[in-house]
Amino acid sequence: MKTLEQELVNEAYEALKYIIDPEIGINIVDLGLVYKVVVDEDKETLRVELTLTTPGCPMSGTITTAAEQMLHKRFPNLEIKVELVWLPPWTPEMISEEGMRLLGNT
């Protein structure tokens, strides 16, 4: 049986799949950019750690803002904190099987 926290985390990942990396055309979850989604023990804060394909990515503000907005819309009663992290560095190996399929690399 799933806990409330697990359900919220799963819903957050599903919501984040609506955010498409504009340079690659794949959602940020299947691209492997979302490293962690955590619901704090107080169940009032949803924290997300995500990265970008490169530190100099010009879309950093766009992607993090889109993630915040998407999660605020989905979880209006939770405080949303999206943190951009650089470790570990993103590599193409982080792309999910679905992402590879979407890229045509099955």
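Reader: Start with helix 1. Which residues in it are buried?

Author: This is a predicted model. In helix 1, the buried residues are Leu8, Val9, Ala12, Ala15 and Leu16.

Reader: Where do they sit around the axis of helix 1?

Author: On the same side of helix 1, because they cover an arc of only 125 degrees around the axis.

Reader: Why would residues a few places apart point the same way?

Author: An α-helix has 3.6 residues a turn, so residues three or four places apart point the same way.

Reader: What covers the buried residues of helix 1?

Author: The cover includes strand 1 (34-39), strand 2 (45-50) and helix 2 (60-74).

Reader: And what span should helix 1 have?

Author: Helix 1 runs over residues 4-16, which is 13 residues, and at 1.5 Å a residue these should span 18 Å. The end C-alpha atoms of helix 1 are 18 Å apart, which agrees.

Reader: Helix 2 next. How far does it reach?

Author: Helix 2 has 15 residues and reaches 21 Å from its first C-alpha to its last, close to the 21 Å expected at 1.5 Å a residue.

Reader: Which residues of helix 2 are buried?

Author: Ile63, Thr64, Ala67 and Leu71 are buried in helix 2. Seen down the axis, the buried residues of helix 2 fall within an arc of 95 degrees, so they line one face of the helix.

Reader: What do those buried residues of helix 2 pack against?

Author: They pack against helix 1, strand 2 and strand 3 (79-84).

Reader: And which exposed residues are on the face turned away?

Author: Gln69 and Lys73 are the exposed residues on the face of helix 2 turned away from its buried side.

Reader: Switching to charges. How many salt bridges are there?

Author: The count comes to 5 salt bridges. One of them joins arginine 74 and glutamate 11, with the closest N and O atoms 2.0 Å apart. That pair links distant parts of the chain: arginine 74 belongs to helix 2 and glutamate 11 to helix 1, 63 residues apart.

Reader: What ring does the charged end of arginine 74 sit over?

Author: The charged end of arginine 74 sits over the ring of phenylalanine 75, 5.0 Å from the ring's centre.

Reader: While we're on rings, how many aromatic pairs are there?

Author: A search of the whole structure finds 0 aromatic pairs.

Reader: Back to salt bridges. What does arginine 101 pair with?

Author: Arginine 101 forms a salt bridge with glutamate 98, and the closest N and O atoms are 2.6 Å apart. The two are 3 residues apart in helix 3 (residues 97-103), so about one helical turn separates them. Arginine 101 is partly exposed at 44% relative accessibility, and glutamate 98 is partly exposed at 34%.

Reader: Now the loops. Where is threonine 53?

Author: Threonine 53 is in the loop between strand 2 and helix 2.

Reader: Buried or exposed?

Author: Threonine 53 counts as buried, because its relative accessibility is 18% and the cut-off for buried is under 20%. Leaving out residues up to four places away in sequence, threonine 53 touches Ile24, Leu31, Leu33 and Trp90.

Reader: And where is proline 89?

Author: Proline 89 is in the loop between strand 3 and helix 3. Proline 89 is exposed, with a relative accessible area of 51%. Not counting residues up to four places away in sequence, proline 89 touches Tyr35 and Met94.

Reader: Last one: which loop holds glutamate 44?

Author: The loop between strand 1 and strand 2. Glutamate 44 and asparagine 77 are 33 residues apart in sequence and 7.3 Å apart in space, C-alpha to C-alpha.

How values were computed
Residues are numbered from 1 along each chain as its sequence is written. This is a predicted model: local features need pLDDT of at least 70, side-chain atom pairs count only at pLDDT 80 or more; totals for chains, interfaces and linings use all residues. Side-chain values use heavy atoms; hydrogens and water are left out. Helices (H or I, at least four residues) and strands (E, at least two) are DSSP runs, numbered from the N terminus. The expected span of a helix is 1.5 Å times one less than its number of residues. Buried means under 20% relative accessible area, exposed over 50%, partly exposed in between (1.4 Å probe, protein chains only). The arc is that of the directions from the helix axis to the C-beta atoms. Contact means heavy atoms within 4.5 Å. Rings of Phe, Tyr and Trp (its six-membered ring) pair if their centres lie within 6.5 Å; planes under 30 degrees apart count as stacked, over 60 as edge-to-face and the rest as tilted. A charge sits over a ring if NZ of Lys or CZ of Arg is within 6 Å of the ring centre and within 35 degrees of the ring normal. A salt bridge is a side-chain nitrogen of Lys or Arg within 4 Å of a carboxyl oxygen of Asp or Glu.
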